[in-house]
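Please read each one with the structure open beside you.

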Amino acid sequence: MHNYQLFTAVIAIIFFATAFLLVRRDTILPGSALRWTFLSILILILGLFPQLSDYAAKLLGIGYPPILPVLFACMILLLKALLSDIRSTKDRVKLERLVQKVSILEQAIEKNQQAAEVKEKS
């Protein structure tokens with residue numbers, strides 16, 4: 001085993017152990033836990049057997065095999081950023097609607113209080 005293989009294996013094992021502990025402690029939401037578990041297993045496999053990326057790069061016609069995991073990592077990060085933006089936008093719309101509903105309810109309460117005060121005076 002070469003030094004770079006040992007290094008990638010140690011990094012992959014640390015990442016897998018960290019992701020596994022976070023999933024076990026329910027720190028990660030259940031929907032995301034499956035994705036992180038799959039990703040950590042994939043990283044563990046590529047970390048233990050880095051020659052798999054060489055084989056995959058040959059199949060895809062990529063001349064410089066080490067760039068393949070980097071390319072996949074970039075794609076995953078971009079996808080994650082896109083999903084995060086979509087979720088943030090949905091949350092912002094929900095928050096704005098809730099604020100509008102609360103404002104309408106506050107106005108209705110004020111009207112009812114004013115009507116009650118008018119009835120008491122008369």
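1. **The crossing.** Helix α1 passes α2 in a left-handed crossing. Left-handed means that the near helix is turned anticlockwise from the far one by less than a right angle; clockwise would be right-handed. The helices here are DSSP runs of H or I with at least four residues, numbered from the N terminus, while strands are runs of E with at least two.

2. **Where the numbers come from.** This is a predicted model: local features need pLDDT of at least 70, side-chain atom pairs count only at pLDDT 80 or more, and totals for chains, interfaces and linings use all residues. Residues are numbered from 1 along each chain as its sequence is written, and side-chain values use heavy atoms, with hydrogens and water left out.

3. **Angle and distance.** Two packed helices are described by the angle between their axes and the distance between the axes. The axes of α1 and α2 come within 8 Å and cross at roughly 165°. Therefore α1 is roughly antiparallel to α2. Axes are lines fitted to C-alpha atoms, for helices over the stretch in contact, and angles run from 0 to 180 degrees between N-to-C directions. Under 35 degrees counts as roughly parallel, over 145 as roughly antiparallel, 65 to 115 as roughly perpendicular, and the rest as oblique.

4. **Who makes the contact.** Contact means heavy atoms within 4.5 Å. On the α1 side, the residues include A12, F15, F16 and A19. On the α2 side, they include W36, T37, S40 and L44.

5. **S40.** Find S40 in helix α2, which spans residues 30-48. Is S40 buried or exposed? S40 is buried, because its relative accessible area is 2%. The cut-offs are under 20% for buried and over 50% for exposed, with partly exposed in between (1.4 Å probe, protein chains only). S40 touches F15, F16 and A19, not counting residues up to four places away in sequence. A polar atom of the S40 side chain also lies 2.9 Å from the backbone oxygen of T37.

6. **Aromatic pairs.** A pair of aromatic rings is described by the distance of the centres and the angle of the planes. Rings of Phe, Tyr and Trp (its six-membered ring) pair if their centres lie within 6.5 Å; planes under 30 degrees apart count as stacked, over 60 as edge-to-face and the rest as tilted. By this rule the count comes to two aromatic pairs. F15 and W36 form a tilted pair, 6.2 Å centre to centre, with 50° between the planes. This pair links distant parts of the chain: F15 is in helix α1 (residues 3-24), W36 is in helix α2, and they are 21 residues apart. F15 counts as partly exposed because its relative accessibility is 28%. W36 is partly exposed too, with a relative accessible area of 33%.

7. **The stacked pair.** F16 and F20 form a stacked pair, 6.2 Å centre to centre, with 15° between the planes. Both lie in helix α1, four residues apart, about one turn of the helix. F16 is partly exposed at 27% relative accessibility. F20 is partly exposed at 47%.

8. **D26.** Check the backbone here. Most residues other than glycine have a negative phi. Phi of D26 is near 60°, a positive value in a residue other than glycine. D26 lies in the loop between α1 and α2. Its relative accessible area is 65%, so D26 is exposed.

9. S53 lies in helix α3. At 10% relative accessibility, S53 counts as buried. Leaving aside neighbours within four places in sequence, S53 is in contact with L46, P65, L68 and P69. Y64 is in the loop between α3 (51-60) and α4 (67-121). Y64 counts as exposed because its relative accessibility is 56%. Y64 and D54 are 10 residues apart in sequence and 8.4 Å apart in space, C-alpha to C-alpha.

10. **Along α4.** L82 is in helix α4. L82 is partly exposed, with a relative accessible area of 48%. From L82 to P50 is 29 Å in space, C-alpha to C-alpha, and 32 residues in sequence. V93 is also found in helix α4. V93 is partly exposed at 33%. V93 and R24 are 69 residues apart in sequence and 32 Å apart in space, C-alpha to C-alpha.

Methods
Polar contact = N/O pair within 3.5 Å; in protein donor to acceptor, adjacent residues only side chain to side chain.
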